[in-house]
Amino acid sequence: MMSQKTAGLIKRQKKAVFVGISLVVILIVLFVVSLNTGVMKIDPLTVIKTVFGQGEATDELLLFEFRLPRIVIAVLIGMGLAMSGAVLQGVVKNPLADPGIIGINAGAGLAITLFVTYFSTEVGGSVFLMPIVAFIGAGLTAVTIYAFSYKKDEGISPIRLILVGVAVAAGISALMIVLTLKIDPKTYDFVATWLAGSIWGSSWNFVFALLPWLIVLMPYVYFKAKVLDVMNLGDSTAVSLGMNLEKERRTLLAAAVGLAAASVSVSGGIGFVGLIAPHMTRRIVGEAYRYVLPISALIGGVLVLAADTIGRVILQPAEIPTGVVVAIIGAPYFLYLLAKLND
Amino acid sequence: MAKNATIESKAQVKAVKKTAKPIRGTIIIISGLVFLCFSFILSISLGAADINLSTIYNAFFNFDTGVTQHQIIRELRFPRIIGAALVGAAFSVAGALMQGMTRNPLADSGLLGLNAGAVMMLAISFSFFPGMPYVYTVLLSFFGAALGASIVYGVGSLSKNGLTPIRLVLAGAAVTALLTALSEGIALYFNVGQDMAFWYAGGVSSTKWEHLIVITPIVIIMIFIAMRISRSITILSLGEEVAVSLGERTVRTKLISILVIVVLAGLAVSVVGAVSFVGLIVPHLTRKIVGYDYRWIIPVSAVVGAVLVVVADLLARTLNAPFEIPIGALISLIGVPFFLYLARKGGKEL
C-alpha cells in the first residue's frame, strides 16, 4: 500500500520534472524564434553570432536594446500573471479566478494611468516606482472587490466574487476612458494601448523594475505551496491542522496582487493568462501546488511570449496587442471551463 | 390536478396585474414625454456653441440655410438627440424583454454579449465593405447581436447547472472579451482602428438624418411588437410552468421576443456603439415605479430609457466642453454601482 503510494508520488514527480524540462526547451525555442522574427528579419545564424558578440552593431542594437528586453518582459509577466492566478484560485477556491477577470489588473492600470498623467514616464527613476503604484491600485481594488462580495452570513461566495470583479473591472475601464479626456493626447495613447494589453515598456529599465518583485514573490509563494495544498482541503481541515487561515489568506492574497500588479505595471491589461496556465498545469501534473506553481509559471511565460510573437508577426508591420491575442485564446477556454464547472 | 394548477396560475397572474400601477404609469409616460421635450430643447441650446431659444424656434419654422446656427441645429444637434432618444428606448425595451423572458435580473444586451457581437460585425463591415449603404450595416449589426446572444446562451445551456443569471453574465463577459478582441484584430488588420475606437467608447455625435430614416421606423415597429406580446411576457416572467398551464404558446412568444431583442440591440449599437447598462438599469427602475406587469413596463421603459440617454448625452457634451465624454463610459459609471447593488441584494433573485 505504502510503496504503491510512494511509487505514485515518484511517478508524478518524474512527470512534473519531465514537463518542466520540456517547457524550458519550448521556451528556449520560442525565444530564438521570437528574436529573429519581426519587421526586420535577421537570420538565425546572425542571431547566434550576435548573441555571442560577433555580430554587427545594428543587429546588436536591434537585438539587445529592442527585442531582447521585450522578450524577457513577455516571459516574466507571463510567469507573474500565471502564478498570481494559481494562488488566487487556491485562496478564493474559485477555478475561474484570474487577476484580469476579477479586476485587479484594471485597478493597477488605473493607478498607473494616474501616475503617468501626473509624473511622466520620462523622468528617470519613476519606472521603478511604477510597480509600487500598481500594487497600491491593485490592492485597493482587491479590498473593494472583497468587501462587495462578502456577505455576513455566507462569507465569500466564489461566483459572486467573480461577478463583482467583472463589474468593478468594467467600472474602472470606464473611469479610465473618462480620465483620458483630462489628459494630453500622448497619455491618451498610453491608456488606449494599456486597455488593449500591449507590452508597452520594453527597455531594460522595465525589466529591472519588474525583476525584484518576481525574485522576492515567486520563491515566497513557492515556499507557501504546502499552505495552499492545505487550504485546498477546506477551511475546517486547515484550521484543525493548526493553520491561521485568515492570516495565511491575507498574505497570500497580497502576494498574488503584488505579482499581478508588478507584471501589469510594464504590460497592458492582459487577462486570462492567470486562468489558463494553472488549469492546463493541473490537467498535466495534478493538484499539488509544489508542481502547479512552477509549471504554471513556465506555461504562462510560454503563452505570453508566443502571443506577443504572434501579435508582432501576423499583421506586419502593424502589431496586434498581446492582450488581444491572449483573449482570443483565453476567452473560449474560460467559456469551456464555465460550461464544465459545478457550483 | 391540471385544473388546480391553472387556477393557481391564474391567481398568480392576477396578483402580478394587481401590482401594476396604471395611473403612475400614465403619469410617468406623460411627464417623461414632457421632460423629453424639455431636454430636447435644453440639449439643442447647450453645447460647444450655445444657441438661444428664439434661434431654435426659427431653425424649425423659418429655416435659413445662411445661418450657421440653423445648420448646427438641423444637421447636428437635432438628429443627434433623436438618435439618443431612440437608442435609449431600444436598449431599455430590449433589456426589459430579456429580463422578463429569461427571468434574469442581470440581463442587458451589453452584459450578455449582444453589443460586442454587433460591434464585431461593424468592424467587419468597415473592413471588407467600406462605404456599404447604412441599411446593410444595420442588417449585419443584427446578425452580430444574434451571434453574441447565441454563443452566450449556448454556453449557458451547456453548463451543468443550466442558465443561472450569474453564469450568463460571466459567459457574457467572456464572449464580450473574445468578440472585442476579434474586432480589435480585424480593425488593426484593415486599418480601420480609428473608425472603430468610436464604437467601443460609444457616442451619438455622428448620427445623421440618413441613419434616422432607417432606424426610426424599425424601432417604432419593434416597440409596437414588444407591446403586443407584453401580456405573454408577463406570464413568462412568472415561470415556464405557469405559462404552460395557462395555455400560453411559450415558444412563439420567446421566438418573437428574441427577434425583437436582437433587432433593437443591433440597431442601437449601430448608432451609438457598445453601450452597456441602459438595458439593465431602466427596466429595474421602471418595475419599481409601475410594478411587474409588462404591459406597463415596456412603454414606460422606452420613455425612461429615452430620457436617460438624452440626458446622459447632454452631460457627455457639456461636462467637459468642448471635449466630449464617451457616453458609454458615462453610463457605465452609473451602471456599475447599480449592478453591484443588484448582485449583492440578489441572494433571492439570483
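Axes are lines fitted to C-alpha atoms, for helices over the stretch in contact, and angles between their N-to-C directions run from 0 to 180 degrees. Two packed helices are described by the angle between their axes and the distance between the axes. In this predicted model, helix 9 (residues 225-232) of chain A packs against helix 13 (residues 289-313) of chain A at an angle of about 115 degrees. The two axes lie 8 Å apart. Helix 9 of chain A brings Ala225(A), Leu228(A) and Asp229(A) to this contact. Helix 13 of chain A brings Tyr289(A), Arg290(A) and Leu293(A). By class, the residues of this contact are four nonpolar and two charged, with no polar ones.

The contact between the chains takes 32 residues from chain A and 33 residues from chain B. On the side of chain A that touches chain B, helix 6 (158-180) and helix 14 (322-340) each supply at least two residues. Helix 6 of chain A gives the most to that side, with 13 residues. The side of chain A that touches chain B has 27 nonpolar, three polar and two charged residues.

Helix 14 of chain A also bends. A kink of about 30 degrees lies at Ile328(A), shortly before the proline Pro332(A). The length of helix 14 of chain A can be checked. Its 19 residues should span 27 Å at 1.5 Å a residue, and its end C-alpha atoms are 27 Å apart, so the two values agree.

How values were computed. Residues numbered from 1 in each chain as written. Chains lettered and ligands numbered in written order. Predicted model: local features only at pLDDT ≥ 70, side-chain atom pairs only at ≥ 80, totals over all residues. Helix = DSSP H or I, 4+ residues; strand = E, 2+ residues; numbered from the N terminus. Contact = placed C-beta atoms within 7 Å. Nonpolar A, V, L, I, M, F, W, Y, C, P; charged D, E, K, R; others polar. Expected span 1.5 Å × (residues − 1). Bend = angle between axes of the 7 residues up to and from the residue.
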